[in-house]
Amino acid sequence: MPEIIPAVLPKNYEDMKNKVALVRGFAPIVQIDICDGVFVKNTTWPFAGGKLDYHFEKIQREEEGMPFWEDIDFELDLMVSDAVENFDIYTKLGPKRMVFHLKAVGDVEVFNEFLEGIDPYIKETISMGVAVSLDTPIEDAFRVANNADFIQVMGIARPGFQGESFDERALSYVSSLKEKFPDLIVSVDGGVNFDCAPEILDAGADRLVAGSAIFNTDDIIGTIEEFKNL
C-alpha cells in the first residue's frame, strides 16, 4: 500500500489551517509547500503578502505551533532559495520531514557536506529528503542519495503550482533511482492523480504526494482511501 501525502499550497495561515483540518484524523502527515517567490515564482505562507506571517513568527518564538500539530505531522517542501542558510528557522516549525530542492541548494558536493554535518539528534527526529526537478541530471540525485532519507521526484515541469499536468519523464527518474538504490524511499510530487498514479507506482514509487487531486474533490477522505488502495 503506497503512502499518500496530501499537499497543501497555503495562501495564508488560515488557508493552511482549514485544509489541514479537512484531513485531520485521516492522514498522518501533510506536506506544506513553502514558496518564497524567488526559487519559484509563486509565494505561499509564510511569505505571501510581502512580509513574514505573524503566526510564523509566533511559532519561531514557540508561542504557538503549526495547526493541529498534536494530531498530525508535517512534511515541509522547501521551494525556497534559503533552505540551507535558514535551516534552523525551518526546523522550528517542528516538521517530521523536510524536503530540499536540489536545484536551489547550489553546489551538490557542498550540499552533501551540509547533509552529512546535520546534528545527529536532528537526524533522528527529522527525515531529510531531496527533491529532484525534471531538468536536473539524474546523476546529481545519485550523488546525494546516500545522505538523504528519501528522494522526491517532481512530476511537473513547473514546481510551486498545483493543477499541473503530470510529466512522464518523472517515471524514468523513479525507476532509475529504485534500480540503483533499491532500499531508497522515492516519492513523486506534482501532477499525481488517478490516471497516472498506477504507472508511477509501477515505476517503483513508495509515496504519492497529491494536492488538487485530493482537495478539489467532494469526498476528500474517500479520495485518500482510493489512492491507498491502488
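1. The crossing of α6 with α7 is right-handed in this predicted model. The two axes come within 11 Å of each other. They cross at roughly 35°. From α6, the contact draws on I138, A141 and F142. From α7, it draws on Y173, S176, L177 and K180. By residue class, this contact holds 5 nonpolar, 1 polar and 1 charged.

2. Helix α4 spans residues 108-117, and helix α6 spans residues 138-145. Their axes come within 10 Å and cross at roughly 25°. Angles under 35 degrees count as roughly parallel, so α4 and α6 are roughly parallel to each other. The crossing of α4 past α6 is right-handed. On the α4 side, V108, E109, F111 and N112 make the contact.

3. How many residues of α6 are buried? The count is 6 of 8, and the helix is mostly covered. The buried residues are I138, D140, A141, F142, V144 and A145.

4. What covers the buried residues of α6? The cover includes two helices, α4 and α7 (169-180). It also includes the strands β5 (127-132) and β6.

5. Strand β6 runs over residues 150-154 and contains M154. Buried means under 20% relative accessible area. M154 has 2% relative accessibility, so it counts as buried. Beyond its neighbours within four places in sequence, M154 is in contact with H101, A131, V132, S133, L134, P159, A170 and D189. Two of these partners, A131 and V132, fall in the range given for β5. A170 falls in the range given for α7. As for T91, M154 lies 63 residues from it in sequence and 23 Å from it in space, C-alpha to C-alpha.

6. The largest nonpolar core has 71 residues. Which residues have the most contacts inside it? They are I32 and F100. Leaving aside neighbours within four places in sequence, I32 is in contact with V8, P10, M16, V20, M66, F74, E75, L76 and D77. The list includes E75 and D77, which count as charged. As general background, nonpolar side chains tend to be buried together in soluble globular proteins.

Note on methods. Residues numbered from 1 in each chain as written. Predicted model: local features only at pLDDT ≥ 70, side-chain atom pairs only at ≥ 80, totals over all residues. Heavy atoms only, no water. Core = buried A, V, L, I, M, F, W, Y, C linked by side-chain atoms within 4.5 Å. Buried < 20%, exposed > 50% of the residue type's maximum accessible area, 1.4 Å probe, protein only. Contact = heavy atoms within 4.5 Å. Axes fitted to C-alpha atoms, helices over the stretch in contact; angles between N-to-C directions. Helix = DSSP H or I, 4+ residues; strand = E, 2+ residues; numbered from the N terminus. Parallel < 35°, antiparallel > 145°, perpendicular 65-115°, else oblique. Left-handed = near helix turned anticlockwise from the far one by under 90°.
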